[in-house]
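Here are my notes on this model, as numbered points. Please read them with the structure open.

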Amino acid sequence: MNQTKVQSKWKVAPEIDPSFHQRLNRQLKGLGKRSIHPLVARHLQSMGMTSVREAIQFLFPKKDHCHSPWKLKGMRETVEQLENAIVGGLPITVVGDYDVDGVMATAIAYQALQELGAVVDTYLPHRTKEGYGIKPLIVENLKKRGTKVILTVDNGIAAHEAASLAKHYGMTVLITDHHTPGENLPVADSIINPHQVGCSYPFKQICGGAIAYKLAQALFEYMGMDDELVHQFDEMLAICTVADVMPLRDENRYFVLNGLKKMKKKPSRPVKDLLKALGMTTQQLDETAIGFYIGPALNAPGRLDSAEDSLKLFLSKTPHESIMMANMCVEMNKRRKELVEKTMKIAETLITPTPVQVLKMDVHEGIAGIIAGQVKESTGCPTFVLTPAHTESGQIILKGSARSHEGFSLYRCLKDISDNHPEWFLGWGGHAAAAGLSIRPEYVEEFAKSVNDLYHSVEIEESAPYYLDTISEDAMEDLSFELARLAPFGMGHLRPVFKVDCHIVEKKIFGPKQNHLRLLSAGGKEYTLFRGAELPITTNQKASIYVSIGRSVFAGREKMDVFIEDIEQ
């Protein structure tokens, strides 16, 4: 959990339809399912659910609820091109990305093509040496390899130069990506992207790994293979969906629940070895374990050096190789944490009294996004972290990452500025909440001013946060079991918040860095706030604590967790 700023006012969530709970329970009884708690029903309503059918699909996601891969625009063309390449023995290269989503997408596409007898290899760009996505230099390298078909996964939608060069060399270019397309698409033989104009795919918010999974599913079907073959990728699909912070709604919810179920029951060798290297058991596997332990470990090689180590783990052919790669991922993540800690101390000295932070600092490119995220969390300000880098020709530029909060879209921000000042940029891309960019150093001051001016011009609604209801301390344990039925939680499905009135009798500071806070109430309940050690709390005094409630496994035993979202005294 992240430290939460103290809010001035909380509002209780309105109950939209008092009959919803009764109607839902009647339907559940008819299906032979256990009834749900009134607060669970209220939570579903607070998420915008108005129909009982929608609520039941959310509570009990099934494979049947997932959408056909053929609804993705460009799927048929891509499958036909790949079949021609497979049958004709044409060398295919899967070009991925260095983050977890890109690595999982690469592994899924590569293994699916191998299963179909393709001549296939992979290429993962190096973060600091090559940067994000396929580029002309990569195309040149692939030409030397003898690649005839390029299949991008989790990148390529903005690769105009690379795609044009590949076509010039007579290569087939197949792009699969989930990032927001620009006004013009690259010249390619086919493009799969749920956000492209004319794509009628019902749920747009899937990650690059999910698109690779859908492609594998369609390929197996088209080439007469067993439909069940695609399920060998279920673990990777769950991992990349959580790690790429996709909203846990619609089919994403099934992806994660199904993948976790398989990992717990019979984990693959790479997952089993990674868990062992992390000192974890399958009992501890949930969406939090993926987001806070598995994901960062798989991301670390691509942040500090080459993502090939993460890819090798999931493509490993021997137990020895799998164990070695799993341990390497975990060790690199330890190094990454140490580097982040040192760099954050420097970043804190550069923070300015402006609504948007633009920090120019010498930082490892691989952790720029993490630093931007942590500064954004601590200040509440959208943050850009820019660091000196060199282009292929040796020119000094500034490369970086940005993170933002709800209401201020980085994509719209960068698009607006680049439309007016294209000469400032060498490239940029991303989403509303996260982005990457390369700019010319001489324009950094003007860029910082423009970003802040734009922020001032945007109307950002500051709405009071909602809690579901006031509950007693005695009710929390039973409620924690009821709320467990709603998992997984994450982006697009945050844990509900409750208000608890209690008497604080003890305050503890804990953790290796002594930066976490735990409060003990007169009722014997513990309340935890990570990175909350500096929060001013008075003991032997009443408090209203706004909490989220969960369950976890520690030392082989399941327990209730109560996390502080805010506190008023």
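1. Accessible areas here come from the Shrake-Rupley method with a 1.4 Å probe. On that basis the chain has an accessible surface of about 26100 Å². Carbon and sulfur atoms contribute 50% of that surface. Keep in mind that this is a predicted model.

2. Overall dimensions. The chain has 569 residues and a radius of gyration of 24 Å. A compact globule with that number of residues would come out near 25 Å, so the value agrees with a compact globule. The C-alpha trace spans about 75 × 60 × 45 Å along its principal axes.

3. Fold content and packing. There are 18 helices and 17 strands. Of the 569 residues, 52% count as buried. Among contacts with a separation of 6 or more, 66% come from residues 24 or more positions apart.

4. Charge. The chain carries 65 positive and 69 negative side chains. The centres of the two sets lie 4 Å apart. The whole structure holds 20 salt bridges; a few are taken up below.

5. Arg42 and Asp469. Their side chains form a salt bridge, at 3.8 Å from N to O. Arg42 sits in helix H2 (residues 38–46), and Asp469 in the loop between strand S12 (466–467) and helix H18 (476–484), so the pair ties together parts 427 residues apart in sequence. Asp469 is partly exposed, at 28%.

6. Glu341 and Lys513. This is another salt bridge, with the closest N and O atoms 3.6 Å apart. The pair links distant parts of the chain, 172 residues apart. Glu341 belongs to helix H14 (residues 319–348). Lys513 lies in the loop between strand S13 (498–510) and strand S14 (516–521). Glu341 is partly exposed, with a relative accessible area of 33%. Lys513 is exposed, at 54%.

7. Asp561 and Lys559. The closest N and O atoms of this salt bridge are 2.3 Å apart. Asp561 is buried, with a relative accessible area of 11%. Lys559 counts as partly exposed, at 34% relative accessibility.

8. A network. Which residues join in a network of salt bridges? Arg34, Glu482 and Arg485 do.

Technical notes. Residues are numbered from 1 along each chain as its sequence is written. This is a predicted model: local features need pLDDT of at least 70, side-chain atom pairs count only at pLDDT 80 or more; totals for chains, interfaces and linings use all residues. Side-chain values use heavy atoms; hydrogens and water are left out. Helices (H or I, at least four residues) and strands (E, at least two) are DSSP runs, numbered from the N terminus. The radius of gyration is taken over C-alpha atoms; the globule rule is 2.2 Å times the number of residues to the power 0.38. Buried means under 20% relative accessible area, exposed over 50%, partly exposed in between (1.4 Å probe, protein chains only). Contact means heavy atoms within 4.5 Å. Lys and Arg count as positive and Asp and Glu as negative; His and the chain ends are not counted. The place of a charge is taken as NZ of Lys, CZ of Arg, CG of Asp or CD of Glu. A salt bridge is a side-chain nitrogen of Lys or Arg within 4 Å of a carboxyl oxygen of Asp or Glu.
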